[in-house]
Every structure is written in C-alpha cells, then in structure tokens.
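Subject: Structure handover

Hello,

Here is the structure we spoke about, with the sequence alongside. Please look through it first, then read the notes below.

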Amino acid sequence: MTTSLPGPGVAGVHGAVLTGIHAEIIQVQATVAVGAPGFAIIGVPGDGTREMRDRARAAVLNSGLAWPSGGITVSLSSPSLFRRGCGLDLPVAVAVAVLAAAATVPAGPATGRVFAAELGLDGRLRPVRGIVPVLMTAAAGGGHVTAVIAPQNTPEAAMLPGTTIVPGASLGQVAAWLRGEPLAREPFRLPPPDGAPGPVQHEHPGLAGLGVSPVVRQVLEVSAAGGHHLCLTGPRGSGVPALAAGLVTLLPDLTEKEAAEVAAVYSAAGLLGSRRARITRPPLRVPDHRATIAAVTGGGTGLQPGEAALAHGGVLCLDNAAEFERAVLRTLAQPLRDGEIVIARGGAVTRFPARFILVAGMRPCPCGASSGCTCTPLQTRRYRDRVTGTLGTWIPLRAAIDRVDVTHVPGGQPSQDTDARSAARVADARDRMGHRLSGTPWRRNGEVPRHELARTHPPAGDGQAVIDHATDLGLIGNLGARHITAVAWTLTDLAGRSRPGAAECAQALAFWTGAAR
C-alpha cells in the first residue's frame, strides 16, 4: 500500500470499508482550524456522518483524551463504498486523524497506518468481520502494511504473513502507542502460519465403511476429478451428506488462490474463529432445506456471504433438495453456470466467488419409502421436477444409491486403502486435464464451455457418433451434449487415455440419464 503524505496542518490515516468480500482502503484526512468549535465530515452525504462524528467524539472523551476546541474538518477520499453501506467502521480512523491533526498524538507514526476496528463509545476497539480481505487489499497496493486492529482479530490477520499487526484494545492504548509508549502486546510481524487444519476445516471420515457400490464410487471420482455436479437419488435416510463428506476427501488441497478466496469469504462471514492456521482443505456446506435465498446465496445486513460462497472451492450438499423452495434452487443456476454470485442492491453490485461441486440428494418419490410407496405417478413427477426442472440442466451425473451405514464396518482398512487409491486417481486425472488445459482460463473439464470443447477437444469419431445419436433421438440437447463430452473427457483422464471414445461417451450418457449400473 503506497502512502501520500498530507500537507501542512493536515493529518492523514487509512480506514477500510467492506462490501461483501471486497474491501477498499479509504484515506481519512483531518485538519483543525482556530475559531468557533465545529465538526464537519465532507465527501460523504447522508446521516452516516452524524454517527461517525458522535462516536469518534464520545470515544475520545471517554478515553481521557482532549477533544480539539477549534473547527474540525475531516475528508474521506473515496465515499463510493460508504454510500452502499460498509462492513467496517471508520470512526476509529476519524478519531485518530483528529487527534493527530490537533497534535494530541504525533502525526508521523499515524500516517499511512490502516485502522480497522469497531470503535465503541467507551473507546474500546472491538473485532470486526472482514480483516482478511482488508489486509489483502492493503498489501496489494504495494509496500509494507501496518494495521491497528482489535486483539480478537489477530488470529485472522495471521493468515497474511509479512504484515505488522498492532493489537490495540482501546483508543487510549493506540494513542499511547503513537506517542511511543509500549503496548500490553507489542506490535509484531506475522510469520507464515502453520499447515494445521483451520477452524473451518474438519476431518471427514471419507467413504471407508459406508459400503458404497462401485458405480457410486465411480461417480464420486468423476465428480471430484472434473468438478461435475451430481444428483444422488435414494430412499429416505440414504446418507447423502455422508457421501458428500466422502467426496470432499477425494478432492486435492486448495490452491493458493483458492485458499486466499476461501479465507476472505469466511473472514467476511465472521467464521474463521480464533485458531491461527492456514486453510488448505476444501470446505463442505450442508444447509437446511428451510434456508432462505439470502442464507444460500448471500445478502442480508452488510451483504454477508451465503452458503454458496462458503462452499467455494469445495462441496455444497443439498440433502432433500426437492424440499428447498423453488426460488432458492433457481438462484443456484448462476453460480453453477458462472462460478460466482452477483448481488445488485441500491446501485451496488457485489460478487462472491462460488465455484463449488453441487451434491443434490433426492428421494425417488415424495414419501421416500423403500417399499410400500403410495405416491401417484403425477405426485412423483411433480416432486422430481422441483429439482430436475430447475437444476437438471447443470447436473451431468445422476446415480441411484441405497441406504448407507455411516458407522465403521469390519474391513475398514481395505476401504481406507480404496479411498487413498481413489484420491490418487483423482489427483492424476486433474494433472492430465491441467496439462491439456494449460494456457486457458479453465482448470477442470466441468468448467470448459461447449463451443471450446467442440472446437479444440472433440471426442473420437465413434464417441462423437454416440453423442450425435442421442441428440437425434431427443435424449439430450445442446447443453446435455456439452456436459456428456466434458464427463467423457474426465472418464478418459481417470483411465489415463488420450481421447474419449465410444465407451467413455456411452458411460457419460448413462450418467446423464441415470441409467449407469
């Protein structure tokens, strides 16, 4: 982050505002003129300035510091995000800038520092959401970053090594530090975090002991390797969340870019916790079927990320997907297509990364009974259409499952060895597709658009004939043909072959129709 020095008689510090997971560093400048008392904040229209003035003044006085008696003017350099509402408070930056302009604290040590905390009326600094994206944005500007934050936010800040952290418990402590006095906790530069599982990560049991069929294991491997979405149909209590957890164990570790994005999302949601650890494993999210649109896609106060964004880089499991509101399922079409959630509100557009693998669990009929079903064909068709009619075009993998036993069964060690072999096959397949897709914006077969597949990666002649024949029969449309081609490539990568043929395309077609056995 580059810093421009304020002019004579002007003190400048930096604050931060957050919209979604996107932060903007705001330069806060203050000057104190001799004359009648007054306090004006320019650059930001609306009633928000009144709250900033009142909180900054109350915090300074309640910290035992002198409030300047002259005319105070504070300027915010970039008010665009503040007009939309922000997730971080600026009063702490305003208070420090005023104190520096009045020479209550030296202006030099405060210049260029980032102050990111909530300022209470009693002068205490309180933790806020979004420290990770704020520090990422500050570091992206170049130069070394020194951030004054609440002590409770230091574990999150530890995910960004190289930043100097000043843990200030109160405005009075921060003022003392700026005057050169020692803090209860001295400023420190963060070393790289360890590789232990972070607070949003859990050790999932995998597929060992679930007794999954070879077809289900194969479809999970294909999903993990190519990033394809899948629908699992089985009787009530089939254990779809357990299978989704097993799918997570087959996924490789997050890349550096994915880990940074996941950390930013969880920081903005306030879910990173107090452990200092690097996020390395893909997340798993299993929302309840009563979840609202805002809970799944994001929104609410402060535009917080929803379950779709929290599943970025991992797996989003919708157990009993047909019981979700149809409007909720429709909103998932955007992240399934684009890999992100876009929310427009009050003239602002907020984007959340949301590239995940969807696991939709569904019963074969409304009652979900394994025997003695009394549902009529019309009831069954309407029930299934709640999922297939809204998300079906984005789900290329469909398989029937039996009820799984989530307890560990005898012979678990061989099952665990099978899990290790499955994960190794997935990793090898991803290496192959990564090599083939090098130089393109895509990393997995499930991300490649149909026109690109048809132009640069068509199947062999006999494989293309299988797809064309299914298209002529009306079994699939253009989008279905794209998904089948992508799945065929993933099957080819898993098998270590060079190009999909008739066998891979026929297997991909069977997954699309749910006829795989």
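A pocket, as the word is used here, is an open set of grid points where a 1.4 Å probe fits, with protein on both sides within 12 Å along at least five of seven lines. Its volume is the space filled by probe spheres set on the points. Please keep in mind that the model is predicted.

The second largest pocket holds about 380 Å³ of space. Its lining is made of 13 residues, and those nearest the centre are Thr 233, Met 362, Thr 388, Arg 398 and Thr 513. Strands β11 and β17 and helix α15 (377-391) each give at least two residues to this lining. Sorted by class, the lining has 6 nonpolar, 5 polar and 2 charged residues.

Two of those elements also belong to a sheet. The sheet is open and has 5 strands in the order β12-β13-β16-β11-β17, with parallel pairing. Its edge strands are β12 (284-285) and β17 (397-400), each of which pairs on one side only. β11 (residues 230-233) pairs with β17 in the parallel sense over 4 bridges. Thr 233 stands opposite Ala 400 of β17, and Thr 233 is also among the residues nearest the centre of the second largest pocket.

Helix α8 lies across β11, β16 (357-362) and β17, and runs at about 160° to β17.

How do the axes of α8 and α19 cross? Helix α8 (residues 214-226) and helix α19 (residues 478-495) have axes that come within 9 Å and cross at roughly 100°. This makes α8 roughly perpendicular to α19, because angles of 65 to 115 degrees are counted that way. On the α8 side the contact involves Gln 218, Glu 221, Val 222, Ala 225 and Gly 226, and on the α19 side Val 487, Thr 490, Leu 491 and Leu 494. By class, this contact has 5 nonpolar, 3 polar and 1 charged residues.

Helix α19 turns up again at the largest pocket, where α10 (256-269), α14 (333-338) and α19 each supply at least two lining residues. The volume of the largest pocket is about 660 Å³. It is lined by 33 residues, with Asp 338, Gly 339, Arg 355, Arg 444 and Glu 447 nearest its centre. The largest share of this lining, 4 residues, comes from α14. By class, the lining has 12 nonpolar, 9 polar and 12 charged residues.

Regards

How values were computed: Residues numbered from 1 in each chain as written. Predicted model: local features only at pLDDT ≥ 70, side-chain atom pairs only at ≥ 80, totals over all residues. Heavy atoms only, no water. Axes fitted to C-alpha atoms, helices over the stretch in contact; angles between N-to-C directions. Parallel < 35°, antiparallel > 145°, perpendicular 65-115°, else oblique. Contact = heavy atoms within 4.5 Å. Nonpolar A, V, L, I, M, F, W, Y, C, P; charged D, E, K, R; others polar. Pairing = 2+ DSSP bridges. 1 Å grid on protein atoms, 1.4 Å probe; cavity = no way out; pocket = protein on both sides within 12 Å on 5 of 7 lines; lining within 4 Å.
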